[in-house]
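Here is a short report on one protein model. Please read it alongside the sequence and the 3D view.

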Amino acid sequence: MDNPVQDDLVFVADIVFDRPLRKPFSYLIPTDLFNLISKGKRVRVPLGKGNKPTIGFCVETRHIPSDPKLKSIFAIMDEEPLVSTHLLEFTKWIADYYLCGWGQVLQAVVPAWVRSGATTPKVFIVDFSDKFHISSATKKFSPQQTRIFEQLHLHHPIAIKDLCIKSSCNPSVVNRLVETDWLIKTAIDEDQAFFGALQTIPLDPSIHLNDEQISVSKTITDQVHSGKFCTFLLHGVTGSGKTEVYLEAIEATIKNGRQAIVMVPEISLTPQTVYRFKKRFSKIVVLHSNLREAERGKNWKLVAEGKVDVVIGPRSTVFAPCPNLGLIVIDEEHENSFKQDNTPRYHGRDIAVKRARMLDIPIVLGSATPSFESWHNACKNNYKMLTLSKRVRDLPMPPVYLVDMKTSPPASPSLRGMISEDLQKGMKRALSQNGQVMLFLNRRGFHTFIQCPTCKTVENCKHCDLAMTFHKRKNILLCHHCGDEKKPATRCETCKTETIQFKGMGTEKLEEEITKLFPDKVIRRMDSDSTTKPGSHEYILNAFREGLINILVGTQMIAKGLDFPNVLLVGVINPDTGIHIPDFRASERTFQLLSQVAGRTGRGDKPGMVYFQTYYPEHPAIVSAAKHDFISFVDEEIKHRQSLFFPPFCRLARIVIRSKSAESAATFSDELGEQLRLATTEIKGSGKLKILGPTEAPVFKLKEYHRFHVQLHAEKHTVLHQLIQVALGKMKPISGLEVIVDIDPYNLL
Ligand code: ADP
Ligand code: ZN
C-alpha cells in the first residue's frame, strides 16, 4: 500500500485546476512523495473519467478518512513552491469573490515562464585583465579600443552588450580584446547584471515639497511606520505633485526594509513615469504587460526572492510576490483598465485593498478624479481622504473655453463640425508664442463610419453590430472590435445607391486636416495605428518633449499622465463621444477623461489654455470638467446613482449569455431570468434587490456571438453570490452556449 492508513486516515493533497471548478479535488499522496509535497507546488494528477494527466496547484495537505475512490498523484513538478501561503489565501479569496476557479486565478497569477521551470540565463561581463594593469601603459590602442577602456574605467565590470552601447563599438572589438588577453570575460546570472546596469542611472534626491505635499506625505509615512492597514484616497488636482507624495511613502517603506507595489494604468506606464521612479530607487522592476514571457518570469523570480524594492506595472502587478510587502500605491485609481475583462474578472484596485487588509499594510489610491466608489468610501470614512488642492509652484489651473459647435463658425466650410475657427485661432496664438499644441480625439482611423445617403444603412461588421471604420492609408474598412477588415464598397449593398458617404472624423483625418491648416508646422499623430513598431511610442513622446513636434494629435494615448511644460493649448475635438453610451458611468467617464486631457497644459511658466468643441455646452460632465470642479460634479451626479440604486449605492453583477445561435441564447436567458427571480424568494434577509433583464445586450452581436444579459443589484455582494449560484445551479449547460458572470462589472455593452 503506498499511502499507509493510520486510524483509517489517509494523507491527501487538495488540488485546483485551470478550470471553472468551484472546489479543489483531493488526491492521495504516495509515500515516496510525502516529504516533497507542499502547498504552492504544482503536481501532475489523473483528471476526469479518462484519467487524463493534468497539472494543478496543491493548495492544501491534510488527513482525511480513507476512501477507495481517491486517485493518486503521479508526480510533483516543482522543487520549491511557486506561490506563498499568503498568495494562496489571496487568490482563494479572489476566486470566491469573482465566482471563478481558484486554479484559474493561480494560472493568471504565476507567469508561464516560472511555471516552465526554466533557469536564469547567463550574460557575459568583462573587466580589465592583469595583463592590462601591467603593460597597457606602453601599448598604443586604436580609438575604438581607447573608447572601450574609457567606458570600462567608469563602469566595471559591465555586460558586453552595455559596454558596446556606451562606447559605440561592435562586440567583435570587445571580443578581440578578450582574445588578446587585455580583458577578461566571465558568465554570470542575468539578474546580477540587471541591477548592475540599472544603478548607472543617477539617483535624484527628493525635491522640495510644498506645505500640502509635506502634510499629506507625513500622514502616509506615519502609517507606513506603524505598519497597519489603512486605505488613503489621495485626491489631488492634475499637476499637484501626487507622484512626489508616492515617492516619499515608498522611500519610507524601503527604509523599513519592506517592498512597495505601484500600479498604474497601462496607458500611463510611459518611459517618463518609469524614469521618475528609477531616478529615486535603484532596485526597481517594471512589469510591462508586453514583456516577453521569459522576462516577466525572471522579474517575478527576482521579486519573490526579495531582491527588488519597488515593483511598478499595470493591474496584474497586484499579484507581485513581494516577500515583505509594506505599501501599495495605485495611481489614477479611477481608471477602468484596472478591471480585467476576462476570467478572472478582478478589479486590480479592489483586490489590492483586500491584499493590503490581509497583510495589514497601508494602501494609497490617488486620482484627480476619484471613482465614485472610492469617493463614497472616503465620505463614509472607510477610506481616509487626503487632498492636494493646488498645483505645484502655485501654477493656476488652465482656463477651459467651451466652443458651442451648433453656433460657432468652422475654420473652413469643409471643416464644419470638425474644427472651429475659435480653435484654429487659439492654436495660431499658442504656436506664435513658440508653444506646443495637443489635439485629442478619441477615435482612430480616417472616417468613423460609412453610410448610404438613400437608405441610411451604416456599413457594419458582419460579425459584430458595430460600424466599420475607414482607414485611408491602408484603404480598408476595419472593425475595431474583432479586427475583421475589407475593401470599402463603392455602392450600398442594401439599395445599390452609388454615392455612398464617408462620415465622422478619426485621428487619421484630423492629422490630414491640421496639416492643411498649418502647412509649415511639424505634426505627428499618436494612436495605436501609428505606434505599432516597438519603441515608436517612446520616440514620438521624446521628439515632442524636445520640441521637434509642434502639434501632437492623438487618442487616449496622449490624454493621461504626460507632463510637458511647453504645451500651451489642448484642444478636445469631440468631447461628446462618450456621453450617450448606454452605461450608468457614461457621465463619470466623460468627466474623468476631459479633466485628464485638460490637465496636460499649464504645467510650465507660460499659461495654458483648453478648448472643448462641444454640441452639449450645458451637459454637467462638460461644464464641471471645464471648471475643474470635481466636487460639484460628484455631489450632483451621485444623487442619481442613489435614487436609481446603482453603484456605489449597491453591488452590481452582470450575467452575459452568449451563443452563435440567437434562439438558444434567448431561451436560456429567459429561463435563467425566471430562476433568478425564483431564487430571490429563497434567500432570507436579502435586503433591497433589483433584477434588470434579461434583455439583449446593447451590442447584441459580437464576434458572431449573440448576447443577452441580466443585471443584478443588491445591497450586499453575498446576496448576489447566493442568487447567482442558486439560479445557475438549476440550469442545464447547453453546448455552444457560454455563461459569463461578472461581479462589479465595468463593461455593460
Ligand atoms: P500629478 O501626479 O499630481 O499630476 P506630478 O507628481 O506629476 O503631479 O507633478 C507635476 C510636476 O511638478 C512634476 O514635474 C514634478 O516633478 C513637479 N513637482 C512636484 N512637486 C513639486 C514641488 N513641490 N515643487 C516643484 N515642482 C514639483
Ligand atoms: Zn467585428
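## Zinc site

Four cysteines hold the zinc ion (ligand 2): the donors are the SG atoms of Cys-461, Cys-464, Cys-479 and Cys-482, at 2.3 to 2.4 Å. Donors are N, O and S atoms within 2.8 Å of the metal (3.2 Å for Na, K and Ca); water is not among the atoms, so sites may look incomplete. Along the chain, the donors of this zinc ion follow the spacing C-x2-C-x14-C-x2-C.

The site is tetrahedral, with angles of 106 to 113° among the four donor atoms. Cys-479 is buried, at 1% relative accessibility. Cys-482 is partly exposed, at 26%. Buried means under 20% relative accessible area, exposed over 50%, and partly exposed in between (1.4 Å probe, protein chains only).

## Basis of the model

This is a predicted model: local features need pLDDT of at least 70, side-chain atom pairs count only at pLDDT 80 or more, and totals for chains, interfaces and linings use all residues. Residues are numbered from 1 along each chain as its sequence is written, chains are lettered from A and ligands numbered from 1 in the order in which they are written, and side-chain values use heavy atoms, with hydrogens and water left out.

## Ligand 1

There are 18 residues around ligand 1; His-208, Gln-213, Gly-239, Arg-276 and Asp-563 come nearest. A residue counts as near if one of its heavy atoms lies within 4 Å of the molecule.

An N or O atom of the Asp-563 side chain is 2.7 Å from an oxygen atom of ligand 1. For the Lys-242 side chain, the distance to an oxygen atom of ligand 1 is 2.9 Å. Asn-210 uses a backbone N or O atom, 3.5 Å from a nitrogen atom of ligand 1.

## Polar contacts within the protein

A polar contact is a pair of N or O atoms within 3.5 Å; within protein, one must be able to donate a hydrogen and the other to accept it, and residues adjacent in sequence count only if both atoms are side-chain atoms. Ser-217 sits in helix α9 (residues 211-226). Its side chain reaches the backbone oxygen of Gln-213 at 2.8 Å. Ser-217 is buried, at 6% relative accessibility.

His-334 lies in the loop between β13 (325-331) and α13 (348-359). Helices (H or I, at least four residues) and strands (E, at least two) are DSSP runs, numbered from the N terminus. The His-334 side chain makes a polar contact with the side chain of Ser-367, at 2.7 Å. His-334 is buried, at 4% relative accessibility.

## Aromatic rings

The structure holds 22 aromatic pairs. One of them, Phe-591 with Phe-630, is tilted: 6.0 Å centre to centre, with 45° between the planes. This pair links helix α18 (residues 586-598) to helix α20 (residues 630-643), and its members are 39 residues apart. Phe-591 is buried at 2% relative accessibility, and Phe-630 is buried at 6%. Rings of Phe, Tyr and Trp (its six-membered ring) pair if their centres lie within 6.5 Å; planes under 30 degrees apart count as stacked, over 60 as edge-to-face and the rest as tilted.

Phe-128, Phe-132, Phe-141, Phe-149 and Trp-182 form one aromatic cluster. Lys-139 lies over the face of Phe-141, 6.0 Å from the ring centre. Arg-658 lies over the face of Tyr-705, 4.0 Å from the ring centre. A charge sits over a ring if NZ of Lys or CZ of Arg is within 6 Å of the ring centre and within 35 degrees of the ring normal.

Conventions. Four donors count as tetrahedral if all angles lie between 85 and 135 degrees; four count as square planar and six as octahedral if opposite donors are over 155 degrees apart and all others between 65 and 115; anything else is irregular.
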